[in-house]
Amino acid sequence: MWAALKKETFLLIALIVAFVAMPLEHSIIHAGQTVSLIAALALIAVIIMASLRVAHHAEILAEKVGEPYGTMILTLSAVLVEVVILAIMLSNAHNPTLARDTIYSAVMLDMNGIIGIAAIMGGLKHGEQPYNDASGKTYIVMIMTGMGVSMLVPEFVPVAHWKVYSMFSIGIMIFLYAMFLRLQTTKHSYFFAYTYAASGEEHHVHGGKTAHSAIILVAGLILIGLLAEVMSKTLDVGLEGAGIPPIFSALTVATISASPEILTALRAALANRMQPVINIALGASLSTVVLTVPVIELLALFNNQQIHMALTPAQSIMTALTLLVAAINLNDGQTNAIEGTTHFVLFCAFLMLSFLGL
C-alpha cells in the first residue's frame, strides 16, 4: 500500500495543494497582484506534476488496449481538461477570443511543437522513423476541414448571422467527429496502427493494472480541473495590467491540456515508435477543434455571449502553413530530423507572433 502511494507522490501533492488552495482562493486574490501571480505559477507547476502521472497511467492503458484506442484515451482526456478549464474561465470573465486562441494555440503546440521536437529527437537517434502514412493523411484532411469550417469561414459570416452559423458549427462538428470516431474504431482502425519489430529501444510501462490506471487517470483529470479553476482566477489577477500578450492565458490552457501527451509522445519517439506520436499530436489537434468548438459555442449560445471564432490574419497564415507543411511531411510514412526541424521552426514563429500580440 505504501509503495503504491509513494509512486503517486505527485498526485498526492496536487491533492494537498487543491485542499489548501480552494478555500484560500479569495484570500489569495485579495492579497494583491504579486501574491496572485506567484500562486498561479505555483499552481501551474503542480498541475504539470499531476499531468506527468496522468501521462504514465495513459501509457499503461495504451499498452493494454493497443492503438488507436490507447492514444484516443489520452487525447480525449486532454480535450476534456481543456473544455473544463475554458468553461470555467469564460464563466468567470467573458473573453470573446479565449476559445479561438486556445484552440489555435493547442493546434500549434500539438502539430508543430510535439511533432517537431519528437521528430528531431527521434530522427537524430534513429534516422528515418516509420509509421502508417494513412493516419497522417486522414488526420490532416480532417483537421483542415474542421478548422476551415469552424475558424476560417466565420471571418466571412456577418455578425447578424453568428447564432445561426454557431448552431450549424455545433451540429456539423459533432457529425464530423462522430463519423471519424466510428470509422477509426471499426473499418479503418488499421489506418492508425503500425506493427513494430521487437526492439530493446522500446519503452514499456510494467506492472500497471488497467482498472487501477483508469481510475487514477480519471481522478487525476478531475484534480487538474479543480486546480485549474483556482489557477485561472489567480492568473487573471496576477496578469492584470502587466502588458502580457492576450494570447498568454490561452497558451497556458493549451499547454496544461497537452502536458499529459507531451511526455508520452517524446518517449515513443525515442523508442523509435512514431505511430503513437502521430496519433497523439494529430489526434489531439483534431479532438481540440471538433470537440471544443461545439461545447464552447453551445455555452456561448446558452449564455447569449457572442464569441469570435474567426482566426486573425496572422493566425490564418500560420494555420495554413502548418497544414501545408504537415501534408507534405506526413505523406510518405516516414519522419526524420529535417521534417521535425521545419515544424519546430513554425512553432518558434508561432511563439514569436504570440509574444508580439499577433
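Let's start inside the chain. L217 is buried, with a relative accessible area of 4%. Keep in mind that this is a predicted model.

Where does L217 sit? Its place is helix 9, which covers residues 210-239. Which residues does L217 touch, once neighbours within four places in sequence are set aside? The contacts are V54, A58, L61, I73 and S77. Take S77 from that list. L217 and S77 are 140 residues apart along the chain. Yet their C-alpha atoms are separated by 8.5 Å.

Now step back to the whole chain. It has 13 helices and two strands. Along the principal axes, the C-alpha atoms fill a box of roughly 55 × 55 × 35 Å.

How much of the chain is buried? Of the 358 residues, 51% count as buried. L217 is one of the buried residues, as we saw.

Next, contacts across the sequence. Look at pairs in contact that are at least 6 apart in sequence. Of those contacts, 87% join residues at least 24 apart. The pair of L217 and S77 has a separation of 140 residues.

What about the surface? The chain exposes about 15700 Å². Carbon and sulfur atoms supply 71% of that area. As for charge, there are 14 positive and 20 negative charges. Their mean positions lie 9 Å apart.

On to a second residue, R100. You will find R100 in helix 6, residues 98-126. Buried or exposed? R100 is buried, because its relative accessible area is 10% and the cut-off for buried is under 20%. The side chain of R100 makes a polar contact of 3.1 Å with the side chain of D101. Beyond its neighbours within four places in sequence, R100 is in contact with M151, H308, M309, A310, L311, T312 and Q315.

V157 is partly exposed, with a relative accessible area of 22%. How far apart are V157 and P130 in space? The answer is 42 Å, C-alpha to C-alpha. In sequence, V157 and P130 are 27 residues apart.

L217 and S77: 140 residues apart, 8.5 Å between C-alpha atoms. V157 and P130: 27 residues apart, 42 Å between C-alpha atoms. That's the tour.

Technical notes. Residues numbered from 1 in each chain as written. Predicted model: local features only at pLDDT ≥ 70, side-chain atom pairs only at ≥ 80, totals over all residues. Heavy atoms only, no water. Helix = DSSP H or I, 4+ residues; strand = E, 2+ residues; numbered from the N terminus. Buried < 20%, exposed > 50% of the residue type's maximum accessible area, 1.4 Å probe, protein only. Contact = heavy atoms within 4.5 Å. Areas by Shrake-Rupley, 256 points an atom, 1.4 Å probe, with all protein chains shown as cover. Lys, Arg positive; Asp, Glu negative; His and termini not counted. Charge placed at Lys NZ, Arg CZ, Asp CG, Glu CD. Polar contact = N/O pair within 3.5 Å; in protein donor to acceptor, adjacent residues only side chain to side chain.
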